[in-house]
Amino acid sequence: MSATSKSTGYGERTIAHSSTNNADAQHHEWCHVYSEFPTQCVSAYSLLFIPKWSPKNSRVPVVQELARQGLNYLPKRFISVNHNDPIESSTVQHVSTTLPIINVAKLRSGLEPDEGRVEELAKLASVAKEWGLFLVTEHGIGSDILNGIKDVVKGFLACLSKRRQCVGSYVSVDNMGYGRNFVKSEDQPLDWIDRLTIKAAPAPKGGDKELNVWPQRPPNFRQVIENYVKEARNVLDELLIALAEALALESHVFLKHFDSNNSEINVRINYYPPCPRPDLALGITPHTDASALTLLMQFETTGGLQILKDRKWLTVPWTDDALLVNVGDLLEIMSNGRLKSPWHRVVTQMNVERFSVALFYNPPSRTEIEPEPIEDLVPEDGGFKKVVVSDYLQHLYAISPTKEKQGIMYAKV
Ligand SMILES: O=C(O)CCC(=O)C(=O)O
Ligand SMILES: [Fe+2]
C-alpha cells in the first residue's frame, strides 16, 4: 500500500507506533535485531524491558539479519501463503507479450499526431485499462540518476548491516522505522522484506518538525533520491496528462489535483533478501497502492512482482531496464473507475536478492478529489464520490485492507 507519513521512516521495523518522545527514539536505536517476537529482542535494552505485545511496542525482525544467518527453514511468523486457497497459490509464469512498453517521448503534448502520439495514446489507453500498470521507456530520467539510486540504496543497506550508523532521526513521526503497514496483531504473518520509507515531498513547513528520516550514510543518499524525485515528478505529470487524453478526457482532469509545492511524494526502498522457503513466504502481501500513480524501478533480479488478473497471480513481464508505472486507488477514484488500481504482490526467491524503489505520487493531502463524471454510467455501479486524500488514507490505515475488505469501497457512491 502506498506510503503516507503514517508509514514513513526507517530504523528497525516498528509497527503501528507513535513515536513521540526521546525515550522511544532511544529504544528504536537500541533494538535493531530481533528474532521472532519483541520478547526475544536481543538488545541490552530488552533484557530490562520485556513488554507485553501491543501495536505500540511491537517489533518485527530485520529480515536482512535473518537471511544472513543462512536459515534453512522459515521462521513461522513469515509463513503467509495458504496453499488451500486456489487464488493465493496460483502462480503462473506470464510469458506473453501483452504488456506493451510505452514510449514517453512519443506522448509529449507538443508533438504532432503524425509523430506517433495518437498511436502511443491508444496503446497507453489499452494497457492502462487492461492491466492498470505499464512499462515506460524514453522517459528522460538519465541512466546516471538511475545508477546513482542503485548505488545509494545498496550503500545504505550495506552500511546499515555493518554499524547501523545511517539511520536518521525520527522523533515525532508516526509509525517509524522499517515499516510494514497494517501489522496489527502478533499472529499476523510478516512479509519477507526490509524497507525504508521516506517522505520526499512536500518540504516540511516552517512550524513543522522536520521529518528527518533521511539516512546519513551514504552521505549523498538524500541528494541522489531528491534528484530522482525531481525528474520522476515531471514524468508522472506528463503521464497524468497522457492518461486523461488516452481516456478521451480533458488533458488536465487528473493533473489539476496536484501542485508542485504541496503534492506528496513518498519513496519506499524495498529489499527482498534471499528466502529459504519462497513457497511459503511473500515479499509483500497482496495490496493495491493508495497513490494516484506509483513509479517503480527494480534491480539485481527480475521476476518478483505479480499482478492479480482473472483470478490468477501472473508474473509481470518486466524487463530489467524499463520503469514500471502503476495506477493507484486515488487515480481509480479520480477516473471514476475507468482506470483500476491493480492488486499486486511480491513473491520471494531462493538464492537471489531483489531491490525495488517505489515512488508514490499523491495530490496534496487536503485535496478533495472529484471523480470525473461518466455519462452512461450503469445504474448498479454508482461510481465514486468526492473524497479528501487524507481521509481516504486514514481510512486505509484504520481498516487494513484485504482482497475481501477493499479500501476503495470507502469512495464508492
Ligand atoms: O517490489 C516491487 O516490485 C513492488 C513493490 C510494491 O508493490 C510497493 O512497494 O508497494
Ligand atoms: Fe505496491
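Modeller: Two residues are in contact if their C-beta atoms, placed from the backbone, lie within 7 Å. In this protein, residues 24 or more positions apart account for 79% of the contacts with a separation of 6 or more. This is a predicted model, in which local features need pLDDT of at least 70 and side-chain atom pairs count only at pLDDT 80 or more, while totals for chains, interfaces and linings use all residues. Residues are numbered from 1 along each chain as its sequence is written, and chains are lettered from A and ligands numbered from 1 in the order in which they are written.

Biologist: How many helices and strands are in the protein?

Modeller: There are nine helices and 18 strands. They are DSSP runs numbered from the N terminus: helices are H or I with at least four residues, strands are E with at least two.

Biologist: Which residues of α5 and α7 meet?

Modeller: L121, L124, A125 and A128 in α5 meet A242, L243, E245 and A246 in α7. Seven residues of this contact are nonpolar, none polar and one charged. Nonpolar covers Ala, Val, Leu, Ile, Met, Phe, Trp, Tyr, Cys and Pro; charged covers Asp, Glu, Lys and Arg; the others, Gly among them, are polar.

Biologist: Why is β11 called largely enclosed?

Modeller: Six of its seven residues are buried, so the rest of the structure largely encloses β11. A residue is buried if 20 or more other C-beta atoms lie within 10 Å of its own, exposed if 12 or fewer, and partly exposed in between; C-beta atoms are placed from the backbone. Over the protein's 413 residues, 44% count as buried.

Biologist: What makes E300 partly exposed?

Modeller: E300 has 16 C-beta neighbours inside 10 Å, so it counts as partly exposed. E300 sits in the loop between β11 and β12 (305-309). Its phi is positive, about 85°, although E300 is not a glycine. Most residues other than glycine have a negative phi, and most peptide bonds are trans.

Biologist: Which peptide bond is cis, with omega near 0°?

Modeller: The bond from A201 to P202 is cis. P202 lies in the loop between β8 and α7.

Biologist: What makes β5 and β8 edge strands?

Modeller: Seven strands form an open, mixed sheet in the order β5-β6-β14-β11-β16-β9-β8. Two strands pair if DSSP finds at least two bridges between them. β5 (101-103) and β8 (194-201) each pair on one side only, as edge strands.

Biologist: How many bridges join β11 to β16?

Modeller: Seven, and the two strands run antiparallel. Q298 stands opposite S356 in β16. Four bridges join β11 to β14, also antiparallel, and L296 has L324 as its bridge partner in β14.

Biologist: Which residues surround ligand 1?

Modeller: Among them are R268, D289, L296, Q298, H344 and S356. The test is a C-beta atom, placed from the backbone, within 6 Å of the molecule. β9 (264-272), β11 (293-299), β15 (344-347) and β16 (354-362) each give two or more residues to this shell. By class, the shell has five nonpolar, five polar and two charged residues.
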